[in-house]
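Subject: Structure handover

Hello,

Here is the structure you asked for, with notes on what turned up in it. Please read the notes with the coordinates open.

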Amino acid sequence: MVDNRYATALVIACVLSILATVYLSVAIGTKHWYQYSSPTVRGEANVSDLRSLYEEFMDGEFDEKTYSDTLFRLNGTVGLWWRCVIVSAHWNKEQDAKMMLECRSFSLPQQFTPKYKEPGNHNSGEDMLRTYLWRCQFLLPLVSLGLVVLAGLTGFCACLCRSLSPILGIGVLHLLAGLCTLATVCCYLAGMDLLHKVSMLPDKVDGSLGWSLYLALISSPLHMMAAALLLWAARSHSQNYYRMTAYRVA
C-alpha cells in the first residue's frame, strides 16, 4: 500500500520528468542555441561577397573558419546539429525582399572533427579544449536522454512488480540526467566564448543566446526536481517500512 503523499510525489515527478525530456528533445533538434545579428547588406560588392560566402557555406567543404564567417555576416544561427543563415531570395536591395533560412546539418564525422587554435589553419595545432567541449556538448544531451529512458523502463518494471524499491535508483538516474543537461549548456557557452576569442566578431555584429538553449537550461532543474521528489519518496517510504516492520516484530 502506497501512502497518498508518496503517490502524489511520484505523479508530480513523472510530470516534471516528461516536461524536461520534451524540452531537452526539442532543444537538441532545433537550431537556435546561439544567433548572430548582422548589419544590412548594402552595395553590389558586398552582395557579391556574401553570395560567394553563402555558396561556400552550402556546397563547399566543411571548415570552421568558412561557416563561422558566414554565420557572422548572414544573421546566422547555430545549434547542436544545425548551422543556418538568413539570405535574400533575390540578393537585391529591396527592403521587402523575401528572406529565407538556409540550413546545413553537422554530420556525425563533423561532430568529431578537431578544432584548431586558428580556425581554418590546420598547421596551427589542435585546440584540445575547444575540441572536447564541442564533443561533450554533442554527447552529453544524448547521455541525458538515455538515462531518462533507462529510468522510464525501470519505473515501468517497478509498476509491473508493484514495488517501490527501484525508486531510489530512478531518482539517481534523473539527477545524473539533470547534471548532464546542465553540463551540456556550460560546455556550449564555454565553447562559443572560446570561438569568439579566436575568431573575432566583425564590427556591428552581435551575438545572443537563442531559445533552444534556454529550453535545455530549463530542462536541467526540472530533472533535478523530479529526482528530489523521487529520492524523498524512496527514503521516506523505506523509513516507514522499517518502522512498521520493527513495530510488528515488537
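A salt bridge here is a side-chain nitrogen of Lys or Arg within 4 Å of a carboxyl oxygen of Asp or Glu. Bear in mind that the model is predicted.

Salt bridges

Searching the whole structure gives four salt bridges. One of them joins the side chains of Glu64 and Arg130, with an N to O distance of 2.7 Å. This pair ties together distant parts of the chain, since Glu64 sits in helix α3 and Arg130 in helix α5, 66 residues apart. Arg130 also forms a salt bridge with Asp127, at 3.5 Å from N to O.

Glu64 has 9% relative accessibility, so Glu64 counts as buried. Arg130 is buried because its relative accessibility is 5%. Asp127, with a relative accessible area of 16%, is buried as well.

Another salt bridge pairs Lys197 with Asp193, at 3.6 Å from N to O. Both residues belong to helix α6 and are four residues apart, about one turn of the helix. Lys197 counts as exposed because its relative accessibility is 57%. Asp193 has a relative accessible area of 41%, so Asp193 is partly exposed.

Around Ser68

Glu64 has a further contact, made through its backbone. The side chain of Ser68 reaches the backbone oxygen of Glu64 at 2.7 Å. Ser68 lies in helix α3, which covers residues 64-73. Its relative accessibility is 2%, so Ser68 counts as buried.

Nonpolar cores

The largest nonpolar core has 30 residues, and those touching the most other members are Trp33, Tyr36, Leu71, Val78, Val85, Tyr188 and Met192. Two or more residues of this core come from each of α1 (4-29), β1 (34-37), α2 (44-59), α3, β3 (82-88), α5 (128-161), α6 (167-198) and α7 (211-249). The largest contribution is that of α2, with five residues.

What does Leu71 touch, leaving aside residues up to four places away in sequence? The contacts of Leu71 are Tyr36, Ser38, Phe57, Gly76, Thr77, Val78, Arg83, Cys84 and Val85.

Another core, of 21 residues, lies apart from the largest one; Leu147, Leu173, Cys180 and Leu222 are among its residues.

Annotated spans

An unreviewed UniProt entry places the feature "transmembrane region" at residues 7-28, 138-160, 167-191 and 211-234. In the model, residues 167-191 are 100% helix and 0% strand, with the end C-alpha atoms 36 Å apart. Residues 211-234 are likewise 100% helix and 0% strand, and their end C-alpha atoms lie 35 Å apart.

Regards

Notes
Residues numbered from 1 in each chain as written. Predicted model: local features only at pLDDT ≥ 70, side-chain atom pairs only at ≥ 80, totals over all residues. Heavy atoms only, no water. Buried < 20%, exposed > 50% of the residue type's maximum accessible area, 1.4 Å probe, protein only. Polar contact = N/O pair within 3.5 Å; in protein donor to acceptor, adjacent residues only side chain to side chain. UniProt positions renumbered as here; feature names shortened; annotations may be inferred. Core = buried A, V, L, I, M, F, W, Y, C linked by side-chain atoms within 4.5 Å. Contact = heavy atoms within 4.5 Å.
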